[in-house]
Amino acid sequence: MKNKSLVSINDLSKEEILRVLDTAEDFEKNPRQPVLNGKVVATLFFEPSTRTRLSFESAINQLGGRVIGFSEAANTSVSKGESLKDTIMTVANYSDLIVMRHPIEGSARYASEVSKVPIINAGDGANQHPTQTLLDMFSIRKTQGTLDNLKIVMVGDLKYGRTVHSLLMAMSAFNASFVFIAPKELQMPQEYKLFLKEKGLKFEEYTELAENIKDADIVYMTRVQRERFSDPMEYEKVKNVYVLQNYMLDETKPNMKVLHPLPRVNEIHENVDGNPKAYYFTQALNGVYTRMAIMSLILGLK
Amino acid sequence: MKDKKHLSVSAIENGTVIDHIPAKNLFKVISILGLDKIPNQITFGTNLESGKLGRKAIVKIADKYFERDEINRIAIVAPHAKLNIIKDYEVAEKMLVEVPDNITGIVKCVNPKCVTNVEKVTPKFKVIDKKNVSLKCYYCEKITDQEQMEYK
């Protein structure tokens, strides 16, 4: 991974993924390693974010690096009409590594072509968010002890949710089986189901939540967003169907963990938060270790 | 009964004849190959009867030969095109176009939020289905199918 950009989870081999997870594990044991001493990392967030930006910046700071950047495009030259290319070429002069979130899909790949320093994609519209996928995998391996042969239940917006698509692709290398729970309007797109069929991996589809999570190893919740529905009546009908409640976890497997990329709105009831099976806040913490690992590997410091 | 009038497109001494172009895509072929920008003598016929294509077009370019990579660029718009390489009025070689592994330029990405439709970026695709011509965008990773294709 040294000096290579990380744009899409599909760019990483299975071995590279495992290397990231192993390195992240090392940082979890000892998070204050000054490996980024003397390095400047630019965080360019053309779109708002809480966890991704702050966990990157926390990771950089804990590793002794320096951060420059912006958290919205409004007070930069982008608002004067500067092209993405010009912004990237400029910032590449000021930094050793660029972390970028941008609403336009494919913008990170393009940035990686014009930049002389590596780019880490922190989300390009609905396309890719590879560091999220890696921290999800880190969380899965940490809680299950393995990535192999797991049953992963995905709930909510499976049509537009980039995190579930990337996680599906990545976990397909580890013989996972899948359960998709979504309203009719937001079901897993055909191309991903075809992909699983070609790989010979099992999947099931349901519209009901409670009875279909009992044999899950991982329940991966996502937000059902109002703006995804063409018919507001449809949203009203489903918005409370996909709410995970504490009692639903009673009959689930003891090793089961609930994951969520966050932010959540109401799809996980707050009465779940105290349950030992709720893992989403620790998952957000794991984002720091995973991002430490990714940056160190790309800069060749690990 | 009057003699049927034949449209005869004159033979060329040296050059390339591209046959079996779907009539509706003739001008796309011309633009993809840049035939509108070269000084060579060119004749073309369009809306000719063809059993296979319905209506076909044919282009004859004098004193011009194409590289394999160059000619494969028209595979997207004329997948059944046949080339006759003419030398001294004789067909010296026949060639079929092949859908290439990658497409640069030519086709627009179907995704309006793709960087190639927002910034000044040349679209690039990996061809994931050669038979039905299905393209995966190198940037946004979305699929553009044959029926959705718009040309640059």
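Me: Where does A:Asn3 lie in chain A?

Reply: A:Asn3 is placed in the segment before helix α1 (14-29) of chain A, where helices (H or I, at least four residues) and strands (E, at least two) are DSSP runs numbered from the N terminus. The model is a predicted one, in which local features need pLDDT of at least 70 and side-chain atom pairs count only at pLDDT 80 or more, while totals for chains, interfaces and linings use all residues. Residues are numbered from 1 along each chain as its sequence is written, and chains are lettered from A and ligands numbered from 1 in the order in which they are written.

Me: Why does A:Asn3 count as exposed?

Reply: A residue is exposed if 12 or fewer other C-beta atoms, placed from the backbone, lie within 10 Å of its own, buried if there are 20 or more, and partly exposed in between. A:Asn3 has 10 C-beta neighbours inside 10 Å, and therefore it counts as exposed. A:Asn3 also has a positive phi of about 65°, although it is not a glycine.

Me: What makes B:Asp63 partly exposed?

Reply: B:Asp63 has 14 other C-beta atoms within 10 Å, so it is called partly exposed. B:Asp63 sits in the loop between β3 (54-62) and α2 (68-72) of chain B, and its phi, near 55°, is a positive value in a residue other than glycine.

Me: What is known of the peptide bond from A:Leu262 to A:Pro263?

Reply: The bond from A:Leu262 to A:Pro263 is cis, with omega near 5°, and A:Pro263 belongs to the loop between β9 (257-259) and α9 of chain A. As background, most residues other than glycine have a negative phi, and most peptide bonds are trans.

Me: How do you know that strand β5 of chain A is largely enclosed?

Reply: Four of the five residues of β5(A) (residues 151-155) are buried, which means that the rest of the structure largely encloses this strand.

Me: What makes β5(A) and β6(A) a pair of strands?

Reply: Two strands pair if DSSP finds at least two bridges between them, and five bridges join β5(A) to β6(A) (residues 177-181), the two strands running parallel. Within this pairing, A:Val153 has A:Val179 in β6(A) as its bridge partner. β5(A) also pairs in the parallel sense with strand β8 (residues 218-221) of chain A, over four bridges, and there A:Met154 stands opposite A:Tyr220.

Me: Why is a crossover called right-handed, and which elements make such a β-α-β unit?

Reply: The term applies if, with the strands pointing away from the viewer, the path from the first strand over the helix to the second runs clockwise. β5(A), helix α6 (residues 162-171) of chain A and β6(A) make a unit of this right-handed kind.

Me: What makes α6(A) mostly covered?

Reply: Eight of the 10 residues of α6(A) are buried, among them A:Val164, A:His165 and A:Leu168. The elements that cover these buried residues include α1, α5 (130-144), β5, β6, α7 (190-199) and β8 of chain A.

Me: What is the largest nonpolar core, and which residues have the most contacts inside it?

Reply: A nonpolar core is a set of buried Ala, Val, Leu, Ile, Met, Phe, Trp, Tyr and Cys residues joined through C-beta atoms within 7 Å, and the largest one has 119 residues, with A:Val153, A:Met154, A:Tyr220 and B:Ile74 among those that have the most contacts inside it. Its largest share, seven residues, comes from helix α9 (residues 280-298) of chain A.

Me: Which residues does B:Ile74 touch?

Reply: Two residues are in contact if their C-beta atoms, placed from the backbone, lie within 7 Å. B:Ile74 touches B:Val29, B:Ile32, B:Leu33, B:Ala81 and B:Val97, with residues up to four places away in sequence left out.

Me: How many residues of chain A are in contact with chain B?

Reply: 13 residues of chain A are in contact with 14 residues of chain B. The largest share of the side of chain A that touches chain B, three residues, comes from α4(A). By class, this side of chain A has three nonpolar, six polar and four charged residues, where Ala, Val, Leu, Ile, Met, Phe, Trp, Tyr, Cys and Pro count as nonpolar, Asp, Glu, Lys and Arg as charged, and the others, Gly among them, as polar.
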